[in-house]
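Here are my notes on the model you passed along. Have the coordinates open while you go through them.

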Amino acid sequence: MLCATSRLLAARTATALPAQPRGRGPGARCRRRELHFPGHPELDLDDFLTGRLARPSVPVGRRAILRRGRMPPAVGGGPARSELRPRRGRCGPQTARVVGPDETAKPAARSRKRPGWGSRHFEAAGRWALLALVTLLSFATRFHRLDEPPHVCWDETHFGKMGSYYINRTFFFDVHPPLGKMLIGLAGYLSGYDGTFLFQKPGDKYEHHNYMGMRGFCAFLGSLLVPFAYLIVLELSKSLPAALLTAALLTFDTGCLTLSQYILLDPILMFFIMAAMLSMVKYNSCANRPFSAPWWFWLSLTGVNLAGALGVKFVGLFIILQVGWNTISDLWHLFGDLSLSVVTVGKHLTARILCLIVLPLTLYTATYAVHFMVLNKSGPGDGFFSSAFQARLSGNNLHNASIPEHLAYGSVITVKNLRMAIGYLHSHRHLYPEGIGARQQQVTTYLHKDYNNLWIIKKHNTNADPLDPSLPVEFVRHGDIIRLEHKETSRNLHSHYHEAPLTRKHYQVTGYGINGTGDSNDFWRIEVVNRKFGNRIKVLRSRIRLIHLVTGCVLGSSGKVLPKWGWEQLEVTCTPYLKETLNSIWNVEDHINPKLPNISLDVLQPSFPEVLLESHMVMIRGNNGLKPKDNEFTSKPWHWPVNYQGLRFSGINDTDFRVYLLGNPVVWWLNLLSIALYLLLGSIIAVAVQRGAHLPAEVEGLTQVLLRGGGQLLLGWILHYFPFFLMGRILYFHHYFPAMLFSSMLTGILWDTLLRLWAWSLASSSLARGLYVVGNLSLLLGTAYSFYLFHPLAYGMVGPLAQDPRSPMAGLRWLESWDF
Amino acid sequence: MLGFLKHPVVVTADINLNVVALTAMGLLSRLWQLSYPRAVVFDEVYYGQYISFYMKRIFFLDGSGPPFGHMLLALGGYLGGFDGNFLWNRIGAEYSSNVPVWSLRLLPALTGALSVPMAYQILSELGFSHCAAMGAALLMLIENALITQSRLMLLESVLIFFNLLAVLSYLKFSNSQKQRPFSPSWWFWLTLTGVACSCAVGVKYVGVFTYLLVLAVAGVHAWHLIGDRSLSNVSVLCHLLARAAALLVVPAAMYLLFFYVHLSLVYRSGPHDQIMSSAFQASLEGGLARITQGQPLEVAYGSQVTLKNVLGKPVPCWLHSHQSTYPMIYENGRGSSHQQQVTCYPFKDVNNWWIVKDPGRHQLVVSNPPRPVRHGDVVQLVHGMTTRFLNTHDVAAPLSPHSQEVSCYVDYNISMPSQNLWRLDIVNRDSDAGVWKTILSEVRLVHVNTSAVLKLSGAHLPDWGFRQLEVVGEKLSRGYHESTVWNVEEHRYGKSQEQKEREVELHSPTQMDVHRNLSFLARFLELQWRMLTAKSDGSEHKYSSSPLDWVTLDTSIAYWLHPRTSAQIHLLGNVVIWASASLATVAYTLLLFWYLLRRRRKICDLPEETKMSRLTSPVVPEASPGKYSWLRWVLAGALCAGGWAVNYVPFFLMEKTLFLYHYLPALTFQILLLPVVLQHISDHLCRTQLLRSLFGALLVAWYSCACHVFNTLRPLTYGDKSLSPSELKALRWKDSWDILIRKY
């Protein structure tokens, strides 16, 4: 009993210690940890099992105590109190049973004197020193030779360019959300880069341009990954060696190092992913003090980081899934806790909705608001967006233009397809060649502005000039039957039962008739998508479909390029399948009608939600468009964990400065082995528990760490890796790195646990300790040595290729598929 | 030993007349006027071709599904004495008299009919009342879409049958688990589960989803078994091993068996050969085998060979060259070397022949004894007809500017030396001194000077290159890709030293007689791989639909129209059943969620099962009528609602063209769920007897409504009655239903 209380006290007093660099008073309270040096392999799981993780096994009556946080949480920790020296651990379980219900023990415990101030100070200082050391080493490796090579490497050509766009405020389009590039632009701006460098292609020299600010920013975030991983593992396993091993794996991984040194989105993405994971883990350990300041702090910080991750790349969705899963299971446990009223559970739910859904969504939307505010000049991205959107951009020909708002008969218009990169409905004097449908005038789509894009809307039955001032203005309405006359050639838009030139199942579209007189195949019904009959048709905003009256087909563009006879413009067809695709939806862009008053296009500018929606549609379409071709070499997801193939960042020949993105094979293969071992060990333990095997207390504590902490990391690895198998888009090696972070953390926990289990199974304590230390040290040193071998990959190599014995990488090309 | 003699031989028959009656009704509804219409209906045009291929023993490749389904259909043709002579080219074409329509359609109709009593049995095995089980079967009976689909030469009804069989036999197995594990019937049902699963997968790939569902349920039950401490470790192990054998090993073996039978049935070469590798083609009778049989195996210096690209995309083709040269300047203004073109050509041609030459010697004939070429050797390739050397250099290729141009070297004396040495890299060599073998060896040709790899870029050259495929030297070859790998297809030892004689020799066929064969496993793997990667043309179809349209039945498919009258077959579901089944799914999900939340707060609306039967699924169906347990409710939901979900949701991720009939397997499970929910409402939510009677009356009204709908849509289901245009218009309940109306 006595033994137990004092033990608990120790745990309690440790709470006052800050455990984190920026830890403040209140934050530290929930982070009470007792950490040990590698030489003292001792595991204290009390706190870890305090919260929700231990709940299922905790009797109901005791939960209230835990929840309010008044009791040192010894319950779940009883069996978990794993120690290598059994004599000390013996009283653990009894403690739990005896002390548990005894609430009075708490004030007593608090008032007891705190033993060992000196030693605690020493420990705290040591912990700080270690964290500082880890951070320092990480920064040193990442910032070492950061300025080399002084030319554009790999995707810097994209992201550097996009950073410049922000500085120059020109609009552009990218398949990723804007936050990452905005941060790069900001870093460049703050560090004095003026946005004038062109970033045309990899290999371009930076010359006098200041690129170090942007690289430094990415390297800074990349360096923080290591301390983050260190803290996450520390929090999950309570074991300093495990955390150190993880930190070493990441510090000494050439892949992470290379990826952090350039102007890329990946370091930013990984920073947010790890920050979200860290704050989630921290918040989990605050579960025994709900609604306290640190609890709110970590919860909302999780939300902020989630927004960040999603704002950099859509891959950030995976960490959202992980946090979501964690939150749902958390709520599920709270809901099953009968000592909590439904109202309290409701409060919990609301808090999470606020911090993990509302807050991130707001921040995410805010990044877009900033994005659209900053980029207000016309640029290379205009063409990807709708006409209405382009009116927002200064320098675009639609900006500040004024045209009549509603379509009327007699109007001269251009009609643009809604799908990007298809263009305007177009016709010209050339005929379809012999043998391709009827020999009538060609109708195509054309990407550029041209007089041949102009069409006149006429009534289907009369040929009278609607612009005659004596006639009243008649507006075109949804559902009207119209005729479209090509202004330059006076031929009508026409379709008939001939097969289209390229898409055989569709009908041919031609220009037909003389001076506007044709036949009934020239009649089209104009429909506005999602509108009622009788509505007027707005320029820019209305999404219209043209339905051929006789055949019932819909005017569309297949997007296929016509051969030379069609001037390599795009095919226009009439599709008999009434499918809702963008290919068959059009909008009116230019509009000339002298009888109607012009209005400023600003009135038609889309609202922010519409812009947001449109940019997401365009991004998703852009992402889907990134399909690999059959005859190209592409990276397959299975290549990644085996480190099968790297990516050339810079240089090919032996005279070039070569940087090759490749994971440190020792680290990566150790990770791979660890996942297999983890699955094996995990299933053995799970089956043993299910069979009702009674594990010794020490082992049970270790298995808890392995199953719970390791489980979270395994889930992270799975979520960040397996979805790539389902993706149709083109994939690259660097997509694996977020998953690799999780697998490295898992490796840290696994090997620490394995060594502890092994040491525990040996009878002699000194031998066990020795074994434990030697095991950990050899892992650490092995990684460091492999880094020494492979560091030229990241820091750059000049000289002969690896086949040559004089090369710095001679003899290190362990796989034939590595080309350095 | 002779114990059985001591007892009389007793046969106790236990016949459920309900089942008999349901079977009879099922047969009647599915088999009635089966051979009408005597014309090709919808996808019969597609499956019919494969039946003909089977009848003629011709090899074919169909990426849409494994061969078991096709084989079952072909079995019907075999039994009916079909000779395969029918041209399947057009929907609506009249069958000639040699086509045994009835027996071809019999198998799908039988499986469709048997699904009706199986629905009854599944619900009884799940522990629901006799009424609920009858309800499920009667709903299956009057579902128009299911009837239409099973009366034709199509595979959905077969798939549904095996899906249901898998679920039924698993339930039987799991119910006999508690009483008599390891009894013959236990073994029988367990094995049947595995067999039915593999048959479902063998009919269509989507069967794999039901298989996974059954595996998951079996996994959960097995996990409980592990936790059962009353069992010894050894018996738990035996249980697990038995399940693994029956549910993993048996299906895998069956699947292989399907392919084995398939490959031994179709052994003749045919129109689809070209997609397969040379080795595979050579294993078929006729076709390539006729040419390659007896070719020398080892390629030697002086050999005459044709080189085929292994990837074969966009089309299979051979390395080719011809007199024409690259244009001096391309359209975009870039220059070329103006040397002789090297392309990849998809047809057999005398210009596809190349001679393997030793760079150190001058002769182009094989020495005696032949000196084989080995991995790592440096060779030159001489084009047979023009005697020019295969060459590549640092000039951008015509269509892939990042790669090197490949040409046959013409010496223009402009200080551009020939670079015609290639190192041979045998990808699938046994040892580092492996010999280059005809057909079997996959080789890469690595250029010695620039270490570029000979590659098929897949782009079509413009008119100056006769629209042949572009061949390039890939400098940045990252690892293995099939487009850089080539194999020797035709091969002979060159004998003629003079060019003139050699040309004659090149024109003459290679003939000798040695037999070579590929192992079954290699053939299986290749065929399976090609089937999975075979791209459907992805063309849009008039009746294609998206999964969202299915639940609300917002789409239909016109299957067949009578050539003169407006009698037609149209795939349309019974709207009442579709709507109520979807509602039932929603109701089940909501109720389950509600119960889960309440149970979490320790409020158990449904009684937990007694400890005795915790491990297995519910066993005693009639023990406590009306009050069934929580576990039973969950298991029914897992199988029925789960079956619906796994057969429906994956379609959202598929990129192929989808049709309404893809939804039918999911719908079947949804129909099974419907009585489950109804009985639950009646037993648990209708608290008074009055309410219960009211509910019963409502049910009767609802079912007669469904019957009425069935009857109204019947002419479109069977296609036997020609309706007037006004009647057809009246049937068009939804605008999106494309019922064909003849204009008179």
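The points below start with chain A as a whole and then turn to one strand of chain B.

1. Before anything else, keep in mind that this is a predicted model, so every value here is computed from predicted coordinates.

2. Chain A has 820 residues, and 59% of them count as buried. In secondary structure, chain A comes out at 24 helices and 16 strands.

3. How much of the contact set in chain A joins residues at least 24 apart? Taking contacts between residues at least 6 apart in sequence, the share is 75%.

4. If you care about the surface: chain A exposes about 32,400 Å² of accessible area, and carbon and sulfur atoms account for 63% of that.

5. Now for chain B, have a look at strand E4, residues 353–357. This strand is mostly covered, with five of its five residues buried. On one side, E4(B) points B:Trp353, B:Ile355 and B:Lys357; B:Trp354 and B:Val356 point the other way. Note that B:Lys357 is in the buried set along with the two tryptophans, B:Trp353 and B:Trp354.

6. Which strands does E4(B) pair with? One is E1(B), residues 303–309, which is antiparallel to E4(B) over three bridges. Within that pairing, B:Gln304 has B:Ile355 as its bridge partner.

7. The other is E5(B), residues 378–383, also antiparallel to E4(B) and joined to it by four bridges.

Conventions
Residues numbered from 1 in each chain as written. Chains lettered and ligands numbered in written order. Predicted model: local features only at pLDDT ≥ 70, side-chain atom pairs only at ≥ 80, totals over all residues. Heavy atoms only, no water. Buried < 20%, exposed > 50% of the residue type's maximum accessible area, 1.4 Å probe, protein only. Contact = heavy atoms within 4.5 Å. Areas by Shrake-Rupley, 256 points an atom, 1.4 Å probe, with all protein chains shown as cover. Pairing = 2+ DSSP bridges.
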